[in-house]
Amino acid sequence: MLLNDPMFPTQHAASHGHTYPPTSAIERFYQISKMPYLNHAGTSWPKPPEVIHAVETAIHSCPDQWPEQFEDAHAAICRFFGIGSADQLLITPGCTSSLATAIANVPFSPGDRVLTSCWEHHALHAPVSKLAKRGVHVETVRSNNACPFDLNHLEEYLRVGNVKLVALTAACNVTGDLLPYQEAINLARRYGSMTLIDAAQIAGWYDLDLNDLNADLVAFGGHKAMQTPWGIGGLFVNSDVPLECVSSQCELPRRSISNPNDNKRFSTKLEYCDVGSVDQFSLAGLSAACRWLSAPTRAGRLSIARRQTTRLRMAIEKHSITRCYGHLDETARLPSIAFSVAGHSSGTISKVLKQHDVITSGGFQCSTQSHQSLGTEENGVVRISVGIDQSEEDIDRAIEGIDAALKEVERQPR
């Protein structure tokens, strides 16, 4: 059902647990749709009409069509990410699942070392931290004034040896700051270490060629810049990656005619038994999103969003009560802004912004590590993040709302 369909707002409201009468649902939807939504680093919204249509079409399709639809969608996603073989891409319920599955199947031994950054999302930080129970040493590569991931420090750690895995995010989901993930991959390769990249934030913004990236494992989700509903993601597994998978098989294996007693009946690579059944409907949306993102009109999507973010940052910094975090150079980060207001919790500021019709993310953004690194672990930050194809009218309204909200906070007694 397309956004301009008169019944879409009603069904959209119902899907979010609201029980508005049809007329008020329509009014509420169009009211919300006119509010500047600036939490795209959390979840993109609204979804492109092409994605919505693809999801609805899949929902109404017959089950006998599902296997072919799966193969077609899987192939389209592989093409978008430059993946040479469908066997290299496991469709998962999301990036969190992809990261947990990857880490759980790396063949660690006691005494192995894992290197990571101080900017990780909980989805990577939690399973990595638990490796200590298996006798694995987890060490954090420091940041420096110029870069959130010090490559010299990384190489010092790699020289010591016994580094099984370098696991890091491609971009901090709080500030949007980009980490030098390609350089980290190259260094790890030089010293014989595996790499796992959390691409949740950059997928959709960058035209990624995962075979060319040369990481061992790359995890991504669909609901952020990839423009897809929740419940879908992927794990890229490079062809030469040694994983320690429990034998599994979702379908009846093909037995060898020449050797019917062949014991190699089950797969020892990651399968859907490891991550659960694929959400075929969100998968259809992800395939449609890949086509949508590939349109020539969106080739400059990141540059446009960065310019919009600069306008928003200038509006915030006009108010002396604010403090922005992250790299000043817009080309060194994704289109996100993290800021705090002296003497106020980020949740309070986010609520005031919402009262002025600006939707943001206030809190800790599922990354306690990032807030400890920023020194914002007490009150968190307000994160503003621009989306793909966000209109200039949205940005204008957001600037007006931000200015009014911060003036209101300034008038409050301290």
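Contact here means heavy atoms within 4.5 Å.

A word on what you're looking at. This is a predicted model, where local features need pLDDT of at least 70, side-chain atom pairs count only at pLDDT 80 or more, and totals for chains, interfaces and linings use all residues. Residues are numbered from 1 along each chain as its sequence is written, and side-chain values use heavy atoms, with hydrogens and water left out.

The protein chain has 15 helices and 11 strands. Those are DSSP runs numbered from the N terminus: helices are H or I with at least four residues, strands are E with at least two. Of its 414 residues, 53% count as buried. Buried is under 20% relative accessible area, exposed is over 50%, and partly exposed sits in between, using a 1.4 Å probe and protein chains only.

Now, helix pairs. Two packed helices are described by the angle between their axes and the distance between the axes. The axes are lines fitted to C-alpha atoms, for helices over the stretch in contact, and the angles run from 0 to 180 degrees between N-to-C directions. Under 35 degrees counts as roughly parallel, over 145 as roughly antiparallel, 65 to 115 as roughly perpendicular, and the rest as oblique. On handedness, a crossing is left-handed if the near helix is turned anticlockwise from the far one by less than a right angle, and right-handed if clockwise.

Take α7, residues 151-160, and α8, residues 181-190. Their axes come within 10 Å and cross at roughly 20°, so α7 and α8 are roughly parallel to each other. The crossing is right-handed. On the α7 side we have L151, L154, E155 and L158, and they meet E183, A184, L187, A188 and R190 in α8. That contact splits into 6 nonpolar, no polar and 3 charged residues. For the classes, Ala, Val, Leu, Ile, Met, Phe, Trp, Tyr, Cys and Pro are nonpolar, Asp, Glu, Lys and Arg are charged, and the others, Gly among them, are polar.

Next up, α3 and α11. Helix α11 covers residues 280-293, and the two axes come within 8 Å and cross at roughly 150°. That angle is why α3 and α11 count as roughly antiparallel. This crossing is right-handed. From α3, the contact uses E50, V51, A54, V55, A58 and I59; from α11, Q280, F281, A284, G285, A288, A289 and W292. By class, the contact of α3 with α11 comes to 10 nonpolar, 2 polar and 1 charged residues.

And what about α13 and α15? They pack at an angle of about 125° with axes 9 Å apart, so α13 and α15 are oblique to each other. Here too we have a right-handed crossing. I349, V352, L353 and Q355 in α13 meet G401, I402, A405, E408 and V409 in α15. That gives 6 nonpolar, 2 polar and 1 charged.

Let's stay with α15. How far apart are its end C-alpha atoms? They are 29 Å apart, which agrees with the 28 Å that its 20 residues, 392-411, should span at 1.5 Å a residue. The expected span is 1.5 Å times one less than the number of residues. Its buried residues are D394, I395, A398, G401, I402, D403, A405, L406 and V409. They pack against α12 (301-317), β8 (322-325), β9 (336-341), α13 (346-355) and β11 (381-385).

Now a few spots in the loops. A203 is in the loop between β5 (194-198) and α9 (210-213). Is A203 buried or exposed? A203 is buried, with a relative accessible area of 1%. Leaving aside neighbours within four places in sequence, A203 is in contact with F81, L208, F220, A225 and M226.

The peptide bond from W45 to P46 is cis, with omega near -10°, and P46 lies in the loop between α2 (22-33) and α3 (49-59).

D357 has a positive phi of about 65° although it is not a glycine. You'll find D357 in the loop between α13 and β10 (361-363), partly exposed at 39% relative accessibility. C366 isn't a glycine either, and has a positive phi of about 55°. C366 is in the loop between β10 and α14 (368-374), and at 51% relative accessibility C366 counts as exposed.
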